[in-house]
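I am opening my notebook on this structure, and I shall write down what I looked up, one place at a time.

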Amino acid sequence: MEAGEEMERVLKKRQVLLFFVLLGIAQTGSTLRRYSVEEEAENGFSVANLLKDLGLEVEELAARGPRVISKGKKLNLEFNRQTGDLLLQEKLDREELCGPAEPCVVPFQVLLGNPLQIFQAELQVRDINDHSPIFLDKEIILKISEMTASGTTFLIERAQDLDVGSNGLQTYTISPNFYFNLKLQDSPDGTVLPQLVLDKVLDREEQSEIRLILTAIDGGSPPRSGTALVLVEVLDINDNAPTFSKFRYEVQVPENSPVGFQVATVFARDLDIGDNGQIAYSLSQASEDIRKTFRMNATTGEILLAKTLDFESIQTYTVYVQATDGGGLSGSSVVIVQVMDLNDNPPELTVNTVTNHIPENSPETVIAVFSVADPDSGDNGKMVCSIPEDLPFILKPSVENFYTLMTNTALDRETKSQYNITITITDLGTPRLTTQHTITVEVHDVNDNAPAFTQSSYTLFVQENNSPALHIGTISATDSDSGSNAHITYSLLPTHDPQLPLFSINADNGQLFALRALDYEALQSFEFRVGATDQGSPPLSSQALVRVHVLDANDNAPFVLYPLQNASASYTELLPRAAEPGYLVTKVVAVDRDSGQNAWLSFQLLKVTEPGLFSVWAHNGEVRTSRLLSERDAPKHRLLLLVKDNGDPPRSASVTLHVLVVDGFSQPYLPLPEAARDSAQDEDALTLYLVIALASVSSLFLLSMLLLVGVRLCRRARAASLGGFSVPEGHFPGHLVDVSGTGTLSQRYQYEVCLTGDSGTTDFKFLKPIFPNFLLQSSEREDDANTNYRNSFEIS
């Protein structure tokens, strides 16, 4: 009855196991393959070739990186990627792997990548007859009363054989004798128990001790055996054997019970008295593991723990106990110890594959493949796996507690370059136990950011006449990528502007250089574009506009347009002797190629033949008379004017004017030789005239000076009131004039000036502009120098 119940429980367990196996097969979508190998096979033994089962070729198999994974009972297997053979790496011991279980089947998985695939298989380890039966007690002592009736059976200690199946213990033999024969009995767990049957009543007086050799034989080929000595001591009469109060005891013990914990107490009674009724308790038919786990109090019948229990190793113990009286009679009982599971094992995480470096912008990339396990049972073995929700990763469950950790979205290295992913596994026991594992993922840079200039456009200023290879400025760009993707190279972009070769750029730091001296008068400003390119693959680039303004330097002296100073014959201006003060003798026209204050011109007299007769307006170059001419004034005058700009340092040019005093414009022009008389003689004559005049009028000197001052003041006031001449009022800053509005008079124009003789003053009348022809005009003036003075002429 009890054996039937035990068999039914075993069948139910097998059905549950079969259900989970079928469930795993359905999840993988492939057939569960089983392979077999004998234990103790040598290293390198080929278990099977999996190419056909995996449906792969050798090249594809090597590319997908197969790995062999086994849980719990570890198998040291190696996958030959060149042939597809599954090889042993060490000898297998079936007894170590599975103990008494038969068949010995160890599951394993073959993990393939790219794409991820899990191939499930089982390896059956076949038993070989590599263990002999052994008796734990080499000497078995039986105390039998001489009054024991024939046919009485005596149970003796069985032998132990680690092999299973046909290689396990099969039978027993006993040495020939006259008193006993051997009887074999099947136990509930399927083992064979030896029993001695008394064939002949013992007679202590005839023989007090009998020695028998008990031999245990297994079913291997060739068979192995082990022996033990059975010593039978004949006792005096004892007609009552001890009897237990229960034939079967069942107890439950928590797995965390300490050593010395009382598991159970058995009780037996004997109707005999004296030594024949004195009962001693002991463990019977106990394996080595039972003896290490439990110990028996021979007097009280208490069964105590000798070591701590582990539900994950053994869930149920069957302990046989025996009560023996002083007369040698005994009774037996069985104690079923069920170990109660506690949540004492945290979940286990095994990382099978892991990738710690992934490129950015790569969604749905597999980071790791791992499996979880919990050796506890029930809710204690159920697990929940999770990762933080604020990370761009997800967990995808696979078969048999396998999980895949992968990216949920594309990662951005510029936002975050490293992630620490903590995987948390929690079981559902009480209290709940948790295991955590952290995976660090580095995000590799991808060239997804173009260089960015610090400014969209740059404005640089360069002083003209710069030295060659002058550093004029620096442009700068940044790239948020890293490594070579952020290494920036600068360049000048192609353009049709012929001025661009004037510049170069340092490709490494963006420094701009002027290759040769710049000339403001030739080029005031220009612009070009520069590029910044990183060294990614493919490279990215951006552009910026650079504007260069050339700053003017005072490198050009004023140039006199009128009167020209390079003519072979100098100009001679005519001055009527009756000219009023303020009469416009001529106007010096000059330009300066510079700009700004470098082109602001001022005029001044440096040297004159008659001091005080002429004056020049500083801002427009007009030469006018300062007083009335007198008979004492020389007929010819030479004026040296200085034209100076406002640069730093200032530059200047000089111009020489010749003025001829005439009584009217109808008077013939004096011959050139007279006009070219030596100025030194004129100065000597003038000095003589002055000495004579001073000597004659020394008494009236003071009166003459006062009268002269008064006359000059009156004439100046009258000249200021004339319509043909206006004197500027107010202070002109710096006595400077910007002739053309931009600081200079354009050289592309000349003006025609007419002098009229019927007026007390002469005025400039600017007519239409004509193209310059300085050389032609100069030659024409030279040809007409000795002829009558023309009433009109051109100056440029």
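**Entry 1: a glutamine in a strand**

I looked up Gln195 and found that its side chain makes a polar contact with the side chain of Gln185, at 2.6 Å; a polar contact is a pair of N or O atoms within 3.5 Å, where within protein one must be able to donate a hydrogen and the other to accept it, and residues adjacent in sequence count only if both atoms are side-chain atoms. I note that this is a predicted model, in which local features need pLDDT of at least 70 and side-chain atom pairs count only at pLDDT 80 or more, while totals for chains, interfaces and linings use all residues. Residues are numbered from 1 along each chain as its sequence is written, and side-chain values use heavy atoms, with hydrogens and water left out.

Gln195 sits in strand S12 (residues 192-198), a strand being a DSSP run of E of at least two residues, numbered from the N terminus. Is Gln195 buried or exposed? With 9% relative accessibility, Gln195 counts as buried, since buried means under 20% relative accessible area, exposed over 50% and partly exposed in between (1.4 Å probe, protein chains only).

**Entry 2: a proline in a loop**

I then turned to Pro650, which lies in the loop between strand S48 (636-644) and strand S49 (652-662) and counts as partly exposed at 49% relative accessibility. Not counting residues up to four places away in sequence, Pro650 touches Asn554, Lys644 and Asp645, where contact means heavy atoms within 4.5 Å. Its C-alpha atom is separated by 10.0 Å from that of Pro558, 92 residues apart along the chain.

Conventions. Helix = DSSP H or I, 4+ residues; strand = E, 2+ residues; numbered from the N terminus.
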